[in-house]
Amino acid sequence: MAEPLLAKPAALSAGLESPDVFRRLVYSVSDYAIFLLDPKGNVASWNPGAEKLKAYKAEEIIGKHFSVFYTPAALAIDRPNYELRVAAETGHFEDEGWRVRKDGSRFWSSIVITRVLDDGGRIIGFGQITRDLTELRESDLRYRLLIEGVADYAIFSMDSHGNITSWNTGAERIKGYKPEEIVGKHFSTFYTEEDRKAGLPEHVLRTAEQTGHFTGEGWRVRKNGSRFWASVVVTPLRDEEGNLCGFSKVTRDMSDRKALLDQLQQHAHELELRVRERDESNAELEAFAYSVSHDLRAPLRAISGFAEALHDEYRDRLDEVGRDYLNEVTSAAGRLNTLVQDLLEYGRVGRINMPLASVSVETAINGARRQLGELPPGTLSVAVPAGLQVRGYPQVLAQVIFNLLANGLKFHKPHAAPKVDISVETRNGMVRLNIRDNGIGIAPEHQERIWNVFERLHDRESYVGTGIGLAIVKRAMSRMNGSCGVDSKPGEGSTFWIELPCA
Amino acid sequence: MLSGPVLLVEDDPSDFRLIQRAFNKLPNGFEILRLTNGDDAVAYLSGDDPYENRAAHPMPSLVLLDLKLPRRSGFEVLQWLRRQPAGLCRMPVVVLTSSRHTADINRAYDLGANSYLVKPETGGQLDNLASEFRSYWLRLNEFPSFQAAL
């Protein structure tokens with residue numbers, strides 16, 4: 001019965017209806033060894049695929065028992081006959097394993113043995129299909145070795161219920177279990193009791209199955225009960241038909257990073273608390289300053305008001321000393337009033353809380369000039385291009401320029417008329433206003449502290465002032481995202497500058 | 001023309017005396033009634049006890065209102081006044097306070113103030129304010145009726 005398959009197909013034969021079409025098919029397959037065995041296991045036919053794979057020619061192998069393809073180890077346990085028995089009883093046998101070529105070399109093969117029955121149901125032989133999987137097995141093996149060797153990541157596989165089926169070096173290192181201790185156990189062993197109670201392991205598998213993966217971070221438990229912060233990725237494993245056959249899980253010990261993150265978060269929290277405390281105490285201080293300055297004004301109005309009433313109605317009845325005293329009262333009240341107003345202004349500038357706007361520099365300078373009142377001709381010269389715009393608050397900028405102009409005019413040399421000029425420089429998107437005077441100048445050692453509140457370099461008799469003007473300038477410039485400074489030499493005048501972004 | 005007195009709600013006695021003195025210096029001055037807290041102002045304007053007698057306690061033509069007052073603040077008086085039935089709610093209110101705070105100014109106008117003045121720092125400025133106030137409110141301004149039907 002093997003005879004027809006032995007010979008090459010007849011040269012002249014027509015169409016797929018031809019009775020030897022299957023012989024032709026088998027003969028044309030070269031990637032699979034396809035051959036027949038008689039009921040005892042002797043080779044009865046041989047195709048080119050078989051010749052290519054096992055290196056026997058048809059005439060060398062036909063009639064020989066198929067056990068020649070097996071390794072000594074397989075022969076020792078009578079493996080060939082076992083396989084035929086299974087195929088005879090169940091219809092077919094499938095396996096993967098080592099097989100031997102004619103030259104004794106081995107190859108890893110996938111085999112299927114199928115029993116062949118006649119019309120009466122009697123076994124007339126077996127068909128065998130063998131495929132060389134050596135390359136596939138080697139890449140699979142390399143991959144497995146690679147995974148097993150990874151020490152920084154725990155990589156293991158689970159069946160579809162979450163029972164562990166493989167375990168790599170990294171898993172052993174991170175979790176503390178040897179493969180024989182953990183394979184077969186459920187992966188929920190690694191979860192904390194709270195997480196287990198909350199159903200987290202089930203949630204992880206469900207999410208992975210439904211969405212294609214699960215990633216997360218959380219506490220996991222080592223064999224010795226200690227905890228570590230894990231970053232995990234779980235991926236479902238599916239067969240070719242898409243049926244779930246298990247999961248892979250990659251876990252990384254992130255405890256060090258977690259500790260750092262926690263520390264960072266703690267610092268951030270503390271900082272936030274401190275800022276909030278400072279903001280609160282600043283706000284309280286502002287409110288206090290506002291309230292004090294405000295409440296100071298009522299008695300102040302009374303002092304100056306009644307001093308003026310006294311002056312208006314009783315001036316004639318006071319002698320010169322009395323009138324002098326009254327002048328002192330009025331002048332002190334005036335100074336106190338200026339001080340309170342400056343303090344209120346200083347506080348107000350600090351509290352400004354509105355969006356910055358486009359401000360015309362020219363308009364701001366004109367506002368400051370109006371506040372200064374009439375000046376002798378030639379006192380103030382302004383060289384500012386028309387239409388120049390900066391980002392700021394219109395009234396605040398006018399106040400800043402006024403303060404600087406007033407200073408420049410005030411601190412003139414004893415016997416020289418004051419002269420102030422304003423010029424502009426524009427660079428890198430910033431506008432700088434220079435306010436230069438011909439006054440007494442400022443010694444280098446004082447150039448820092450003139451910006452502090454209540455800082456005065458001169459006694460009241462020489463130059464009147466509250467020592468708040470420049471503090472207001474500094475605060476206002478900072479509120480408008482600008483800056484300010486001074487260049488000066490004693491005796492050579494000062495140049496105060498302010499800088500704001502172009503609008 | 002003013003048909004009634006000016007009601008000045010001012011708790012600070014010194015401020016009151018100085019304001020009164022400034023107005024008194026003007027020729028053809030007007031009558032100023034003084035109350036010292038917000039509750040009294042509300043009672044007076046509603047004609048409640050002890051101000052039921054309108055002959056003794058005439059309805060003012062205008063209220064000069066300080067903001068920082070004991071009990072009910074100037075803001076609260078203003079808010080109450082603007083919610084009164086037609087008539088009384090039209091009462092012109094000029095805020096006279098020491099606050100230049102933008103938030104205070106805005107709130108006063110939001111609540112329906114007709115004008116907002118800041119107490120001057122010196123007697124000279126106060127005299128000036130009194131004089132300008134008189135010419136505006138006495139000579140230029142037209143007053144509404146405080147009777148609901150009209």
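In this predicted model, Asp421 of chain A stands opposite Arg436 of chain A, a residue of strand 14. The two strands brought together around this part of the chain are strand 13 (residues 420–427) and strand 14 (residues 430–437) of chain A, which pair in the antiparallel sense over eight bridges. Both belong to an open sheet of five strands in chain A, whose order is 11-13-14-16-15 and whose pairing is mixed. At the edges of this sheet lie strand 11 (380–383) and strand 15 (483–488) of chain A, each of which pairs on one side only. On average, and with direction ignored, neighbouring strands of the sheet are turned by 20° against each other.

Strand 15 of chain A also forms a hairpin with strand 16 of chain A, with five residues between them, and in the turn Gly491(A) has a positive phi of about 85°. Within this pair, Cys484(A) stands opposite Ile498(A) of strand 16.

| Strand pair (chain A) | Sense | Bridges |
|---|---|---|
| Strand 13 (residues 420–427) and strand 14 (residues 430–437) | antiparallel | eight bridges |
| Strand 15 and strand 16 (residues 494–501) | antiparallel | six bridges |

Turning to the contact between the chains, chain B contributes 13 residues and chain A contributes 10 residues. On the side of chain B that touches chain A, the elements giving two or more residues are helix 1 (13–24) and helix 5 (123–140) of chain B, and the largest share, four residues, comes from helix 1 of chain B.

Methods
Residues are numbered from 1 along each chain as its sequence is written. Chains are lettered from A and ligands numbered from 1 in the order in which they are written. This is a predicted model: local features need pLDDT of at least 70, side-chain atom pairs count only at pLDDT 80 or more; totals for chains, interfaces and linings use all residues. Two strands pair if DSSP finds at least two bridges between them. Axes are lines fitted to C-alpha atoms, for helices over the stretch in contact, and angles run from 0 to 180 degrees between N-to-C directions. Two residues are in contact if their C-beta atoms, placed from the backbone, lie within 7 Å.
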